[in-house]
Amino acid sequence: MERRLDRTVLLVAPGMLVVLLLFIYPFLYGLVLSFEPKEGAGPANYLRFFSQPFLYRTIATTLWIAIPATLVNVGLALPIAFRMRRNSKWQRVLTTILVLPITLGTVLIAEGLLTYLGPQGWVNRLLIESGLASVPIRLTHNYWGVFLALIIAEFPFAFLLILSYITGIDPALPSAAATLGAGAGRQFLYVYLPLLAPGLAITFCLCFVQAFSVFPSAVLLGAPAGPTRVMAVAAYTAAFEEYDYSMASAIAMIMAAVQLIIVVAVLALRGAFYRGPAGGAKG
Amino acid sequence: MSEVAAPVTARSLADRLWSTATVVLIAFFVINVFGVIASVTVSSFATRWLGTWLPSGWTTRWYRAAWDEFQLGDVLLVTMEIVFIVVALAILIGVPAAYALARRDFPGKKAVLLMFVLPLLVPSITYGIPLATVLYQARLAGTMNGVILANLVPTVPFVVLVMTPFIEQIDPRLEAAARVFGAGTFRVFRHVLVPLLMPGILAAALLVLVRTIAMFELSFLTAGPDSQTLVVALYYSVFAAGVRATQSVDAMAVTYMVTTLVWLLIALRFVNPTQLVTRVKEQPRR
Amino acid sequence: MAEGFGELRLDGVTRRFGAALALDRLDLTIRRGEFIALLGPSGCGKSTALNCVAGLLPLSGGGIWLDDKRIDVLRPEQRGFGMVFQNYALFPHMSVRKNIGFGLAMRRAPKAAIRSRVDAALDLVQLRAHAEKLPGQLSGGQQQRVAIARAIVVEPPLVLMDEPLSNLDAKLRLEMRTDIKRIHRELGRSTVYVTHDQDEALSLADRIVVLNEGKTQQIGSPEDVYARPANLQVARFMGYRNILDLDAERVDGRRVSLRGAGVALNGTAQQGIAPGPVSVALRPDDIEPGGVGENAVEARVEIVEYCGRDWLVDLVLPDGRTVYARSPRKLLPGDLVRCAVDPERVLVFPRDAGV
């Protein structure tokens, strides 16, 4: 790798242009726009947002969906990925199967769940015929539909990410711990967990950010007028139904801010619990 | 010879219970995923399906209906156009950028890397709304060009991040050798780099393709009635599901699924499934 | 685990990988305080054997007994052996002190005891000053010493070492070798040491087990293995660079008359020899160019390499075969020399078609 500025460096220019013009600029533009409201002046949008329950409740609603879903996803992905850490045929099979939901995307999953979880769908059919329920359980057009959609869509992502962190740990380390008297449980507690802490934090943040931005599921599978009125829906409504782009930008900014706060909090929490390098290779 | 894996002798009861629990969980998850896919597929072939395990009759007329109602033919065409252009542009822009990042160290490189990483970390709806606003101002919203531009935001960085380690793996002395023998930059690219990078470029292209077909938020926010991709059309059809029979919506869903899966299967021949998810620091493993 | 034990017995220990036999019926009894080296080329099964003793690999056959207690059914955490890994396997997120104290912490020893024992171990490996550092901040040699300290601080009945010096540079390797010998002498713990380096094995071990392709080739003291290799495999591995296919004309007890390659020599049989084709092993340093003994061959000098103390010469025998020797005096290419060799140092083995 040479350190110099020559024509080759210019090759990044088109890419940079794309990111600058289509990502950074719109963001800044949106930020400025959010302070130029349709009615009122300056921070009127933000004031309106935080004074109308219909609007500010969306933060809580979205968090109420995103955080439990992320906790479940990461919480389940960890033990399962740990169990699959040895590179076996099963690991590869499972990895390939899990890629399916990610590839199919949230819209298809939402559509599929409408049928699958619907009152006539197989889940309810099973519950009724096995006697676990007497009437079909409402799993669609409410919180649960969206929650389950998030699990299906995000769990594979969490699993694959955590698996890659786990397989990055030198297998000699838990072996060394074993020779020193640590059984499987203590190996996990004293070797794997501390070394995974940074990766887990990152996985949580990435999953949370995805879950927080849930949109098509919340509309198709949820109740966008009420219990699943997430921030993305509010922003979309402002932009495309009320044609209030300024307000929409304000909501998008608030979304970004909330995500940032949670991410910083998680990373700080992890930093408080663990110090030292990530990765398990010989120094 | 060291095959020190993890300790493998006699497993304790706790270990075995734990093992069983995880297997059950995995099975549960996989069964449900297949259940979702299956119920959509079955429904799309059903004449009527109410209150029974399987439909009372089978038909393919919903596909015909969906094709006509949702103009699937046009939508598929538009989708493929958009997706292929996005792939082509992302490769053309991303690969040279990856080359520069892999071969040169320069002041501000960290900032540049951050700029390429951010669009992959920030969810698409968050930057999609401001982006749609800007495109609206530029009068590109609702056009195919607008959709293409919007989709470049996640795909160009993706190509850069996937290709950079690939290029780093190629010995720079090969290029030096080529130059010593008289090749200029263009010919170095053409005769040395591109052939060596072909597998990586192919992999990146397929990954971008699969991801763009499934990309909803950006296409949704920027598309007009003539520039909807398949997934956006699917969304609208579900939206309007009250008016139309759910079976035709399911037929459309199956069409979307098949399209995606075909490309996924092609992609999986060349890439490791994990790369679809790519952790930003992941090394491509072939 | 018993602090002092009488012996560790490996009885027919076998390990299979699919259809391949990584280790074939290893029989070995290790007495208290012994330093055993498992020596052989890569893939010979030495690391496999070590991992089986540690419990990191299950046995496909045979058993391992500690005195009269069968231990191969125990998990590694129940065996209580200390182990030093090839890449040290130090916990990167724990300080040196915590790393060393890990085994004691797992046994729930009282804090004060842990502290004092870890201090003693740190002093033994001379790393007291680095106790609070992280492994990533240490050099390779220092990490190695931490790994050793960690293995011995629990006062295990057996210490296992898996090529601990192979990742160090040559100078450091020699220093650490002396350290390991010193520690073994001070603590007297039975040790099983895996290496592919014959110098290490010769200098450290009380007994050497030479392995090749999973099979035991020879078990003996360093002198035994060096001067009296049991077969051609061992001879090759222990530096007998000259392997010649000759004919045994006459066999008289252990004395063998050899002919071939235009030479007539007397040698000593290492195994049962009948007149006929045989293979002969000779060390370069046992051939004296210009020597006056009776047992001698004529050869022409072809290549001369200066080695500081002496010269390494490539000699060509009358039939064109090359033989390596060391000469205290300078020779010139093209010289004809008479090379004497002690018949006791001309080792005769049965001809092995596959070797």
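## Strands, core and contacts in a predicted model

Strand β1 (residues 7–17) of chain C pairs with strand β2 (residues 20–31) of chain C in the antiparallel sense, over 8 bridges. The model is predicted. Within this pairing, Arg16(C) has Leu21(C) in β2(C) as its bridge partner. The two strands make a hairpin with 2 residues between them, and Gly18(C) in the turn has a positive phi of about 65°.

β1(C) also pairs with strand β4 (residues 61–66) of chain C, again in the antiparallel sense. That pairing runs over 5 bridges, and in it Thr14(C) stands opposite Gly61(C) of β4(C). The table sets out both pairings of β1(C).

| Strand pair | Sense | Bridges | Example of facing residues |
|---|---|---|---|
| β1(C) and β2(C) | antiparallel | 8 bridges | Arg16(C) and Leu21(C) |
| β1(C) and β4(C) | antiparallel | 5 bridges | Thr14(C) and Gly61(C) |

Chain C as a whole contains 9 helices and 20 strands. Its C-alpha atoms fill a box of roughly 75 × 45 × 35 Å along the principal axes. Of the 355 residues in chain C, 44% are buried. Among contacts in chain C with a separation of 6 or more, 67% join residues 24 or more positions apart.

Chains A and B touch each other: 80 residues of chain A are in contact with 76 residues of chain B. On the chain A side, helix α4 (residues 89–116) gives the most, with 20 residues. By class, that side of chain A has 55 nonpolar, 18 polar and 7 charged residues.

The largest nonpolar core has 287 residues. Those with the most contacts inside this core are Ala235(A), Ile251(A) and Val159(B). Helix α6 (residues 143–167) of chain A gives the most to the core, with 18 residues. Leaving aside residues up to four places away in sequence, Ile251(A) touches Phe49(A), Met231(A), Ala234(A), Ala235(A) and Ala238(A). In soluble globular proteins, nonpolar side chains tend to be buried together.

Chain B is divided into domain 1 (13–59) and domain 2 (68–277). The centres of these two domains of chain B, taken over C-alpha atoms, are separated by 32 Å. Between them, 6 residues of domain 1 of chain B are in contact with 7 residues of domain 2 of chain B. The side of domain 1 of chain B that touches domain 2 of chain B has 3 nonpolar, 3 polar and no charged residues.

Terms used. Residues numbered from 1 in each chain as written. Chains lettered and ligands numbered in written order. Predicted model: local features only at pLDDT ≥ 70, side-chain atom pairs only at ≥ 80, totals over all residues. Contact = placed C-beta atoms within 7 Å. Helix = DSSP H or I, 4+ residues; strand = E, 2+ residues; numbered from the N terminus. Nonpolar A, V, L, I, M, F, W, Y, C, P; charged D, E, K, R; others polar. Domains from an automatic or database assignment. Buried ≥ 20, exposed ≤ 12 C-beta atoms within 10 Å, placed from the backbone. Core = buried A, V, L, I, M, F, W, Y, C linked by C-beta atoms within 7 Å. Pairing = 2+ DSSP bridges.
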